[in-house]
Amino acid sequence: MKQHPQKKVRTDLNPSRLLTFKIDERDVSAHEDESILTVARQNGISIPTLCHLDGLSERGACRLCIIEVKGVAKLLPSCVTFPRQDMEVITNSERVVTYRKKILELLFTERNHVCSVCVSNGHCELQNLAVELGVTHVRYPYLYPRHAVDASHSRFSIDHNRCVLCLRCVRVCDEIEGAHTWDIMGRGITSQVITDLNQPWGTSETCTGCGKCVQVCPTGALSEKGKSVAEMIKRRQFLPYLQMMRGRQDDSWQK
Amino acid sequence: MAKIRLATTWLDGCSGCHMSFLDIDELLIGLAEKVEILFGPLVDYKEFPEHADVTLVEGAVSNEADKKNIVMIRARSGILVSFGDCAITANVPGMRNRYPVGEVMKRAYVENADSVPAGNGGVRSEAAGVAFQTVPPLCQKARPVHEFVPVDVFLPGCPPPPEAITFLLTELLAGRIPDMTGRTRFGA
């Protein structure tokens, strides 16, 4: 899960190398261990993301943050790609934009995202991305799969119909809460997030009921019980703060 | 200036998009001078016209009649607009797609049927369910309009907000194909 290179503690003896490269024709500078996504954001260049969340490790799952690098045939996810000296990155070419739209459309076809009757309607990152990328319809056939809803937990429920497999829940549960209740099973399009050994959430022995997974979920897949359409507003402010406090415990502010 | 010939229709929808169309309020008066409404739930013509310049289609393609009608509507329309989420994604009508048609019918008309129907004078109904000879059979799945015929403009929303409908019609009246990016979204 933790693919992100560990940030080294910098001292005078092993300083982080500074690089200069180009994003969208602009000269930018970066530390070698900063992702292209991070550097772009530092420079006010916006790249759409879905699985990325500040405070969690990167996974490169959703592919929405793809960018073009001059001399590289493949499009690369900017959240897990690191700069090289003199690299030339393009974040908004027609090719990149076209593929981002296709990726988003495929996400909509894979499950049953019925926005109009969703607890997260109006507060959903997937719904917002469609507006941002100008997706007014989906050009691929919808699969309309049959997925379950697990409401066995006393306070939360999961609707797999609305899951985009970003695995933020898995990461926050493992990396922040330290419980690792969530994980993933299956492959490709049949993948599904599970609690413990694929058992009802309510019977999980490891779940602490902290609700972090619910708050980081970008869609209405994870929600608090008792919320009706458009009522589920996620609160994510705790995450960078928790990270900061953990860093202080470790006697390091650099985590 | 010749009036634009407008038709509106619904397939498998709830009429919410048409209600939102009415919600453009006083703009309807100005619109009436520029637009001739040929067909739709808001007017009383029975036959779809031979030719409409613009047609707004609400609702998903859900039964055999929808399938037949949408081909006819496409052939007789200049600009075809997918009007609202049901036409674009199948939306709420598509929520039955996860279940076999037989199961859906049984749930709706047998298991959930009132044993004492309204207007039956408090008398229990003997018939379990309804006979379906006179209504078009449901397709296995409700599907978006553009999976059957080419669509020119997509207007998402459940329903699309009146402002977006106004923008769409204004652009069409000006002879432009509207770009709806950022003006409306999937969902309410």
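Q: How many helices and strands does chain B have?
A: Chain B of this predicted model comes to six helices and seven strands.

Q: In which pattern do they follow along the sequence?
A: Chain B reads β-α-α-β-β-β-α-β-α-α-β-β-α.

Q: What does the model score?
A: The ipTM is 0.90 and the pTM is 0.91.

Q: And what pLDDT does chain B average?
A: Chain B averages 91. A score of at least 70 is reached by 95% of its residues.

Q: Where in chain B is confidence lowest, and where highest?
A: Helix 5 of chain B, residues 101-111, is lowest, at a mean of 88. Helix 4 of chain B, residues 85-89, is highest, at 98.

Q: OK, on to the sheet. What order do the five strands in chain B have?
A: The order is 2-1-3-5-7. The sheet is open, and the pairing is parallel.

Q: Which strands stand at the edges there?
A: Strand 2 (35-39) and strand 7 (153-155) of chain B. Each has a single partner strand, so one side of each is left without a neighbour in the sheet.

Q: What joins strand 5 to strand 7 in chain B?
A: Three bridges do. Strand 5 covers residues 77-83 of chain B, and the two strands run parallel.

Q: Which residue of strand 7 stands opposite Val81(B)?
A: Val153(B) does.

Q: What holds paired strands together in general?
A: Strands of a sheet pair through backbone hydrogen bonds, either parallel or antiparallel.

Q: Which strands of chain B does helix 6 lie across?
A: Helix 6 of chain B, residues 162-173, lies across strand 1 (4-10), strand 3 (52-58), strand 5 and strand 7 of chain B. To strand 7 of chain B, helix 6 runs at about 160 degrees.

Q: What does the C-alpha trace of chain B span?
A: About 60 × 35 × 30 Å along its principal axes.

Q: How many of its residues count as buried?
A: Of the 188 residues of chain B, 38% do.

Q: New topic. How many residues of chain B are in contact with chain A?
A: Chain B brings 24 residues, and chain A brings 18.

Q: Which helix of chain B gives the most to that side?
A: Helix 4 of chain B, with three residues.

Q: How do the residues on that side of chain B divide?
A: There are 10 nonpolar, nine polar and five charged residues on the side of chain B that touches chain A.

Q: Now chain A. Which domains does the assignment give?
A: The domain assignment gives domain 1 (18-92) and domain 2 (112-236) of chain A. Their C-alpha centres lie 27 Å apart.

Q: How many residues does the contact take from each domain?
A: The contact takes 10 residues from domain 1 of chain A and 15 from domain 2 of chain A. On the domain 1 side, eight are nonpolar, one is polar and one is charged.

Q: What order does the sheet of three strands in chain A have?
A: The order is 6-7-10, in an open sheet with antiparallel pairing.

Q: Which of those strands stand at the edges?
A: Strand 6 (149-150) and strand 10 (222-224) of chain A. Each has a single partner strand, so one side of each lacks a neighbour in the sheet.

Q: How many bridges join strand 7 to strand 10 in chain A?
A: Three bridges join them, and the strands run antiparallel. Strand 7 of chain A covers residues 156-159.

Q: Which residue is the bridge partner of Ile158(A) in strand 10?
A: Leu222(A) is.

Technical notes:
Residues numbered from 1 in each chain as written. Chains lettered and ligands numbered in written order. Predicted model: local features only at pLDDT ≥ 70, side-chain atom pairs only at ≥ 80, totals over all residues. Pairing = 2+ DSSP bridges. Helix = DSSP H or I, 4+ residues; strand = E, 2+ residues; numbered from the N terminus. Contact = placed C-beta atoms within 7 Å. Axes fitted to C-alpha atoms, helices over the stretch in contact; angles between N-to-C directions. pLDDT = per-residue confidence, 0-100. Nonpolar A, V, L, I, M, F, W, Y, C, P; charged D, E, K, R; others polar. Buried ≥ 20, exposed ≤ 12 C-beta atoms within 10 Å, placed from the backbone. Domains from an automatic or database assignment.
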